[in-house]
Amino acid sequence: MRSIPPADSLVRETSQFSTRGRLGFEQAKLRTQSTKPPRIEFPEDRLRRTFYRNHPFEKERPRIVMEPTGQTEQDWSQLTQGHGQVTGENVIRHQYYLMQHKGLSEREAYAQATGEFYKVRAREEMEAKSARQEALAYGARGLAKPFSASQLAAEDRALRRSTKSFSRRAEEQNMRSAMSEKMFAVGALPPSS
C-alpha cells in the first residue's frame, strides 16, 4: 500500500485565497447604513409647533375625527369649513394657505389666523353661555354639575363629617384618660373616711 501513491481526489491543492490575515468579506465590522429612517419635515410642522406652544390646552379639546362630507380636499381660504368645529389644525392649515396664496409672512399669517380663531372661540363661548341660561330659564336642572360630580361632593361631605366625629371622639377619650390619670395619681386619691 505504501508503494501506491494516493488518488488525486485526496490531494489537497494550495488555496487560491490568501490565508494570511482576514478575507475580504471578513473585514472588521462593516459599516452599514443606519436603520433609522430619515426625518420627514413638512412646512406645516413648524407652524404646528408654534401654535401648540402658544395654545397648549387646544390639544386637550375633544375633536371629531370623522370627515363630515367625505371630501379630503378643502378650501382653506376661510377658517371655518362649514361644519362648525374649529380646531388647531384648521388654524394651521388656514395660516399655511394665507402664506402660500396671499403672500403673507409667517407672522402676519399667524396673527390673522389666530385672530379669526379667537373670534370663533368667543362666539362659541357666548353661544354655550346663552344656551345654558336659556335652558335654566325654561326649568332645566342639573346643568351645573353632572351626576357623578354631585355624588363625589356628597361623598366628600360625608367623609368630612365622619372625620370630625372621629376627631371629637378621640379628644373626648384623651380627656377621659387625662382625668382618670389625675384621679388615680399617687397623691391625688380622695381621703378615705
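Me: Which residues of H2 are buried in this predicted model?
Reply: The model is predicted. H2 is mostly covered, with 10 of its 14 residues buried. The buried residues of H2 are Gly 88, Glu 89, Asn 90, Val 91, Ile 92, His 94, Gln 95, Tyr 97, Leu 98 and Met 99.

Me: Against which helices do the buried residues of H2 pack?
Reply: H2 spans residues 88–101, and 10 of its 14 residues are buried. Those buried residues pack against H1 and H3.

Me: How far does H2 reach from its first C-alpha to its last?
Reply: H2 has 14 residues, and at 1.5 Å a residue the expected span is 20 Å. The span in the model is close to that, at 20 Å.

Me: Which residue just after H2 takes a positive phi?
Reply: The helix ends at residue 101. Just after H2 a phi of about 75 degrees occurs, and the residue that takes it is Gly 103.

Me: Which residues touch the most other members of the largest nonpolar core?
Reply: In soluble globular proteins, nonpolar side chains tend to be buried together. Here the largest nonpolar core has 16 residues. H1, H2 and H3 are the elements that give two or more residues to this core. The members that touch the most others are Phe 51, Leu 79, Val 86, Val 91, Ile 92 and Phe 117.

Me: Leaving aside neighbours within four places in sequence, with which residues is Val 86 in contact?
Reply: Val 86 is among the core residues that touch the most other members. With neighbours within four places in sequence left aside, its contacts are Leu 79, Thr 80, Phe 117, Val 120, Arg 121 and Glu 124.

Me: What is the geometry of the pair formed by Phe 51 and Phe 117?
Reply: The count of aromatic pairs comes to three. In the pair of Phe 51 and Phe 117, the ring centres are 5.7 Å apart and the planes stand at 75 degrees. An angle over 60 degrees counts as edge-to-face, so the pair of Phe 51 and Phe 117 is edge-to-face.

Me: How many residues apart in sequence are the parts that Phe 51 and Phe 117 tie together?
Reply: Phe 51 and Phe 117 are both buried. Phe 51 belongs to helix H1 (residues 43–54) and Phe 117 to helix H3 (residues 106–137), so the parts they tie together are separated in sequence by 66 residues.

Me: Is Tyr 118, which pairs with Phe 117, buried, partly exposed or exposed?
Reply: Phe 117 and Tyr 118 form a tilted pair, with 6.0 Å centre to centre and 50 degrees between the planes. Phe 117 has 2% relative accessibility and counts as buried. The relative accessible area of Tyr 118 is 43%, so with the limits at 20% and 50%, Tyr 118 is partly exposed.

Me: Which residues are linked with Glu 58 in a network of salt bridges?
Reply: The structure holds nine salt bridges. One of them joins Glu 58 and Arg 121 at 2.9 Å, N to O, and links the loop between H1 and H2 to helix H3, 63 residues apart. Both Glu 58 and Arg 121 are buried. The residues linked with Glu 58 in the network are Arg 61, Arg 121 and Glu 124.

Me: How many residues apart are Glu 127 and Arg 123 in helix H3?
Reply: Glu 127 and Arg 123 meet in a salt bridge (3.6 Å, N to O). Glu 127 is partly exposed at 46% relative accessibility, and Arg 123 is partly exposed at 43%. In helix H3 their separation is about one turn, or four residues.

Notes
Residues numbered from 1 in each chain as written. Predicted model: local features only at pLDDT ≥ 70, side-chain atom pairs only at ≥ 80, totals over all residues. Heavy atoms only, no water. Phe/Tyr/Trp six-rings, centres within 6.5 Å; stacked < 30°, edge-to-face > 60°. Buried < 20%, exposed > 50% of the residue type's maximum accessible area, 1.4 Å probe, protein only. Core = buried A, V, L, I, M, F, W, Y, C linked by side-chain atoms within 4.5 Å. Contact = heavy atoms within 4.5 Å. Expected span 1.5 Å × (residues − 1). Salt bridge = Lys/Arg side-chain N within 4 Å of Asp/Glu carboxyl O.
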